[in-house]
Amino acid sequence: MSKQRPVDPAESRRSISRRQVLKLGAAGAVLSALSPMVAAEAIAKDPKEKPKGFPVYALVPASALGPAPNAQGYHVGQVERNLYWVTDGTYQAAFLTTSDGVVLFDAPPTIGHNIQRAIDEIANANGVSNRVSYLVHTHHHADHVGASSLFGDDVVRIGHEETRRLLLRDNDPARPAPTETFSDRRTLEIGGERIELAWHGPNHTPDNSIIHFPDHDALMMVDIVNAGWVPIYLVNLSEDIPGYVAASATALTYPWTTLISGHVGRLGTRDDVVMHQQYMADLDASIRTALQTVDPTPFFVNYGANSWAAIKGYLDAAAVAGAAPVIAKYTGVLGAADVFTPSIAFWLMESIRLDLGFGSFVHP
Ligand SMILES: [Zn+2]
Ligand SMILES: [Zn+2]
């Protein structure tokens, strides 16, 4: 595994206007959703004037970064033929232009109104309809579909039956529930295009589904592999860790060349999925070693009757020990390995202990 050339901060400063968009376009989009004023100020700041006192992390490898967003904060690109992807640098959506209007896949609120701008840009260039007729959901999470209501009541919303159940439960006006659902598999034929939807069991969420574009050599699988980056907190905030780990192998059973992973700023490849699998496998092995070598006794001796303090001390120590060699191996290889691996290690460790029963012992 070769380490990638890190982004040179001096180079960033030299071309700050483009770099600001590249680096803060992503953060800026997320920040804009939180506070447009704060975002504008943050983007305008020279990196030399950034506030002090924050944790310092390794540089993100150049391989993790994607194309620079435009002045409006998005990048739209062709995946293959009439399949396109749009990103703000942090989130991704996709769309197909067809003779029956546009089929949109996810609607992240951080991209928001830029989704329609990206569609307009492509539709104008190609002389095709810019009307979004269908919206297909990967899963119910607000950060991936919170711009759904922008597309009105007439759009046909399609998603897994569990996506519908969860969105009805959540009752969020920004995310109307899909009216067309499927349970395991469904093939959509829209405007002459074929789209295969498949649910392979719970993983990141109970409803997270795979979208295969067999005639575009592409797969959309969101919140499993972040191409070029490690997952975020708690194994990408996942609810079913064995299902999450299995999802990458499932993705590789499909024929495709391009992965639309929902994050971060670039498209993915099969090699990105294999790299992610290796990262998770290395972390799994390292955690098992930690569970066998970190001694819980001193924590219980120290905290006495405060069992929770002892448990926290021990499990935190085991997660830190499990994460350490993996951080060392993947720093400079995957973005933010040093930022999130401890949290990922903790949640993976809990699954290894509680789902898989590793390290369990029965009182003699
Ligand atoms: Zn999600
Ligand atoms: Zn996500």
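Mentor: Strand β4, residues 101–105, is mostly covered, as five of its five residues are buried. Here a residue is buried if 20 or more other C-beta atoms lie within 10 Å of its own, exposed if 12 or fewer, and partly exposed in between, with C-beta atoms placed from the backbone. Helices (H or I, at least four residues) and strands (E, at least two) are DSSP runs, numbered from the N terminus. This is a predicted model, in which local features need pLDDT of at least 70 and side-chain atom pairs count only at pLDDT 80 or more, while totals for chains, interfaces and linings use all residues. Residues are numbered from 1 along each chain as its sequence is written, and chains are lettered from A and ligands numbered from 1 in the order in which they are written.

Start with the partners of β4. Two strands pair if DSSP finds at least two bridges between them. On one hand there is β3 (residues 92–98), which runs antiparallel to β4 and is joined to it by five bridges. Thr98 has Gly101 in β4 as its bridge partner, and the hairpin that connects β3 to β4 passes through two residues. On the other hand there is β5 (residues 132–136), which runs parallel to β4 and is joined to it by four bridges. The bridge partner of Val102 in β5 is Val132. To get from β4 to β5 the chain passes through helix α4 (residues 114–126), a β-α-β crossover that is right-handed. Right-handed means that, with the strands pointing away from the viewer, the path from the first strand over the helix to the second runs clockwise. Helix α4 lies across β1, β2, β3, β4 and β5, at about 35° to β3. For such angles, axes are lines fitted to C-alpha atoms, for helices over the stretch in contact, and the angles run from 0 to 180 degrees between N-to-C directions.

Now the sheet around β4. It is an open sheet of seven strands in the order β1-β2-β3-β4-β5-β6-β7, with mixed pairing. The edges are β1 and β7; each has a single partner strand, so one side of each is left without a neighbour in the sheet. From one strand to the next, the twist averages 20°. Strands of a sheet pair through backbone hydrogen bonds, either parallel or antiparallel.

Asn82 sits in the loop between β1 (75–80) and β2 (83–87). Asn82 counts as buried because it has 21 C-beta neighbours inside 10 Å. Beyond its neighbours within four places in sequence, Asn82 is in contact with Leu96, Thr97 and Thr98; contact means that the C-beta atoms of two residues, placed from the backbone, lie within 7 Å. Asn82 and Phe95 are 13 residues apart in sequence, with 8.2 Å between their C-alpha atoms. The loop between β2 and β3 holds Thr90, which is buried because 21 other C-beta atoms lie within 10 Å. The C-alpha atom of Thr90 is 9.0 Å from that of Arg266, 176 residues away along the chain.

Helix α6 (residues 161–170) has Thr163, Arg164 and Leu167 as its buried residues. Seen down the axis of α6, these fall within an arc of 100°, so they line one face of the helix; the arc is that of the directions from the helix axis to the C-beta atoms. That buried set packs against β6 (156–160) and β7 (180–182). Helix α6 lies across β6 and β7, running at about 110° to β6.

For scale, the protein has 12 helices and 12 strands, and 44% of its 364 residues count as buried.
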